[in-house]
Amino acid sequence: MQPSQNRHYLFTSESVGEGHPDKVCDRISDSIVDLFLKEDPHSRVAVEALATTNRIVIAGEIRGPASLTPREMEQAAREAVREIGYAQKGFHWQWADVQIYVHAQSDDIAQGVDASGNKDEGAGDQGIMFGYACNETPSLMPAPISYAHDILRLISEDRHAGKLPLLGQDAKSQVTLEYVDGKPMRAARVVVSTQHDEKIDQDEVREIVRPYVLKALPENWMCDEEFFYVNPTGRFVIGGPDGDTGLTGRKIIVDTYGGAAPHGGGAFSGKDPTKVDRSAAYMARYLAKNVVAAGIADRCTIQLAYAIGVSEPLAVYASTHGTNHVDDAKLVDVLRQLVKLSPRAIREHLGLNRPIYKKTSSFGHFGRDPEDDGHFSWERLDLVGDLKRAFGL
């Protein structure tokens with residue numbers, strides 16, 4: 001999102017919950033990625049899922065341990081659905097028909113990625129990847145997507161804890177913030193749609209949801225009552241894949257920055273980290289976040305570009321959107337000195353060849369807390385000191 005010429009404006013982002021049909025498929029795909037990486041960190045995985053009424057179809061390409069058969073993949077899919085909580089007549093983790101159509105990775109692709117002789121590992125595909133950070137929230141994420149995720153995350157946590165027996169698994173949120181002089185000031189509109197038990201009506205759902213919105217937003221940021229929309233169609237009993245077919249990789253803006261920053265051409269879920277669609281997008285976020293955390297800029301966008309089979313990026317671009325205290329060209333030079341950007345170097349620097357992906361499948365891939373076991377390693381701030389020294393800050 002470029003700086004608005006009108007310094008007073010509204011900006012909107014949406015999130016979808018873990019039980020949304022597309023997110024069900026993202027979780028299934030990432031569960032299979034984790035299954036293979038746990039057994040062999042160098043597995044190659046590119047799997048996608050489709051889910052509809054009591055049916056799951058998994059297709060893709062894999063190079064990994066022969067011990068992991070379609071049966072193990074089916075079990076991983078069922079467990080993913082069970083964890084979300086689907087045990088409904090129209091979509092049940094135990095009774096849904098699961099079909100597996102997975103074959104070996106193409107030798108033509110493998111030879112471009114594999115290291116051989118003096119050739120380093122190449123990128124698994126061509127493409128452009130973006131990373132972004134800004135100082136609107138403590139997580140250095142754009143505020144609209146951050147609060148939209150928080151609403152659904154808080155509801156999900158209490159649903160899993162048994163505190164919301166009348167709400168179902170499928171849910172969506174949308175937050176519109178009012179910006180003044182480029183800074184978010186309050187919520188202008190809030191939309192929450194959540195699956196619910198047929199015994200309760202729209203007004204009851206509204207009051208169940210309200211405290212979660214208030215908790216997610218900063219104090220006194222709640223929108224006017226007339227702009228607080230909960231289940232605006234009036235009824236949301238049939239949900240999940242029984243109500244709408246899901247596919248892996250269809251919520252890429254939800255997964256990233258809510259439209260506040262550019263997005264590359266590829267989705268993340270279902271892909272092992274040799275696929276730069278995923279790993280380079282994580283690296284770009286890592287770089288942008290450290291730039292903002294170091295006080296070099298209020299906002300930062302990083303773009304990386306790759307060609308299949310080529311180890312070094314074709315181009316690296318940085319923009320601080322006029323908020324910088326340093327030269328953007330120098331920033332690119334410093335970042336390239338601090339971190340190597342070949343696919344292998346990215347995976348090693350961020351520790352990506354681990355089973356750490358299932359958690360990314362809902363509530364966004366970015367703005368999360370890094371964990372000791374390697375989850376969300378791209379959210380670390382361990383370049384801040386080096387960046388400050390490089391620019392004398």
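This is a predicted model: local features need pLDDT of at least 70, side-chain atom pairs count only at pLDDT 80 or more; totals for chains, interfaces and linings use all residues.
Biologist: Where is Asn-54 placed, and what is its phi?

Modeller: Asn-54 lies in the loop between strand S2 (44-52) and strand S3 (55-63). These strands form a hairpin with 2 residues between them. Most residues other than glycine have a negative phi. Asn-54 is not a glycine, yet its phi is positive, at about 45°.

Biologist: Is Asp-181 buried or exposed, and in which loop is it found?

Modeller: Asp-181 is not a glycine and has a positive phi of about 55°. Its relative accessibility is 55%, and the cut-off for exposed is over 50%, so Asp-181 counts as exposed. The loop in question is the one between strand S6 (167-180) and strand S7 (183-196).

Biologist: In what order do the 4 strands of the open sheet stand, and which strands are at the edges?

Modeller: The order is S4-S3-S2-S9, with mixed pairing. Two of these strands have a single partner strand each, so one side of each is left without a neighbour in the sheet. The strands at the edges are S4 (97-104) and S9 (246-247).

Biologist: Which residues touch the most other members of the largest nonpolar core?

Modeller: In soluble globular proteins, nonpolar side chains tend to be buried together. The largest nonpolar core has 74 residues, and H7 gives the most to this core, with 11 residues. A second, separate core of 29 residues includes Phe-11, Ala-143, Leu-164 and Val-205. In the largest core, the residues that touch the most other members are Ile-28 and Ile-32.

Biologist: Which residues is Ile-32 in contact with, leaving aside its neighbours within four places in sequence?

Modeller: Contact requires heavy atoms within 4.5 Å. With the sequence neighbours set aside, the partners of Ile-32 are Val-45, Val-47, Ile-58, Ile-62, Met-73 and Ala-76.

Biologist: Why do the buried residues of helix H8 line one face of the helix?

Modeller: The buried residues of H8 (residues 328-338) are Leu-331, Val-332, Val-334 and Leu-335. An α-helix has 3.6 residues a turn, so residues three or four places apart point the same way. Their cover includes helix H7 (276-293), strand S10 (299-306), strand S11 (315-319) and helix H10 (384-390). Seen down the axis of H8, the buried residues line one face because they fall within an arc of 165°.

Biologist: Which residue has a side-chain oxygen that reaches the backbone nitrogen of Ala-329?

Modeller: This contact is found at the start of H8. The oxygen comes to within 3.1 Å of the nitrogen. The residue that supplies the oxygen is Asp-327.

Biologist: How many disulfides are there, and how far is Cys-134 from the nearest cysteine sulfur?

Modeller: A disulfide requires two cysteine sulfur atoms within 2.5 Å, and the count is 0 disulfides. Cys-134 is buried, with a relative accessible area of 0%. The nearest cysteine sulfur belongs to Cys-300, at a distance of 11 Å.

Biologist: Is Ser-269 buried or exposed, and which residue makes a polar contact with its side chain?

Modeller: Ser-269 lies in the loop between helix H6 (252-255) and H7. With a relative accessible area of 5%, Ser-269 is buried. Its contacts beyond four places in sequence include Asp-26, Ser-29, Arg-278 and His-365. The polar contact, of 2.9 Å, joins the side chain of Ser-269 to that of Asp-30.

How values were computed. Residues are numbered from 1 along each chain as its sequence is written. Side-chain values use heavy atoms; hydrogens and water are left out. Buried means under 20% relative accessible area, exposed over 50%, partly exposed in between (1.4 Å probe, protein chains only). The arc is that of the directions from the helix axis to the C-beta atoms. A polar contact is a pair of N or O atoms within 3.5 Å; within protein, one must be able to donate a hydrogen and the other to accept it, and residues adjacent in sequence count only if both atoms are side-chain atoms. A nonpolar core is a set of buried Ala, Val, Leu, Ile, Met, Phe, Trp, Tyr and Cys residues joined through side-chain atoms within 4.5 Å. Two strands pair if DSSP finds at least two bridges between them.
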